[in-house]
Amino acid sequence: TVEGFISFLLDELNEKMNKALIKAVIYGTGSAQPTGITNGLTAKTNTSVIALIKECLGALSAENRVGAKVYVASNVADEIAFYKDENGNYPYLVAGLGRAGGATIEADPFLNKDEIVVGNAQNYILNFNEGLRVDKEVKVQPRRVVYGGYLIADGNKKPNAFVHGKIVASV
């Protein structure tokens, strides 16, 4: 039905706007978008996932480690889950990503390939001046209806509360 199709389009618009907001919270420049978690951070690099996680956790102060999680890109989560030890076993495949240094490791599908972010998400403040809304504009002359999404939000991280890491290829 027409109503069902319009409902589908509005759901798609809502989903795309929320994904854009999530990407801005992680990678935003602060210019016409929130200042992202990674903005202004120099990514720590390593060829080993485990060594990089250890280095990033170690870079947080004791205060900022409270409640911190290790967020890893999907491909990094796969690298951990499908890691094969010297005996040919997959120690993390059944148990999942687990914990590192007291911090939970979680896959984040919005992180770019080979990246990790370590910190407590509560140390990012996101303010909404106007929540997500979808407006409808009817054009009588061309017999057209235009839907537009609108949202005003801004945010920034607590200083020194997050660490950004990137896995690099071994030379």
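Glu137 comes out at 41% relative accessibility in this predicted model, which puts it in the partly exposed class. Its salt-bridge partner is Lys139, with N and O 2.8 Å apart. Lys139 is partly exposed too, at 31% relative accessibility.

Glu106 and Lys69 bring their side chains together in a salt bridge, 2.7 Å from N to O. As for accessibility, Glu106 has a relative accessible area of 28% and Lys69 has 27%. Both values fall between the 20% and 50% cut-offs, so these two residues are partly exposed.

Next, follow Lys158 over to Glu63. These two form a salt bridge whose closest N and O atoms are 3.1 Å apart. Because Lys158 belongs to the loop between β7 (144–157) and β8 (162–167), while Glu63 is part of helix α3 (residues 62–65), the pair ties together parts that lie 95 residues apart in sequence. What about exposure here? Lys158 is partly exposed, with 30% relative accessible area, whereas Glu63 counts as exposed at 58%.

Stepping back to the whole structure, the search turns up six salt bridges.

Note on methods:
Residues are numbered from 1 along each chain as its sequence is written. This is a predicted model: local features need pLDDT of at least 70, side-chain atom pairs count only at pLDDT 80 or more; totals for chains, interfaces and linings use all residues. Side-chain values use heavy atoms; hydrogens and water are left out. A salt bridge is a side-chain nitrogen of Lys or Arg within 4 Å of a carboxyl oxygen of Asp or Glu. Helices (H or I, at least four residues) and strands (E, at least two) are DSSP runs, numbered from the N terminus. Buried means under 20% relative accessible area, exposed over 50%, partly exposed in between (1.4 Å probe, protein chains only).
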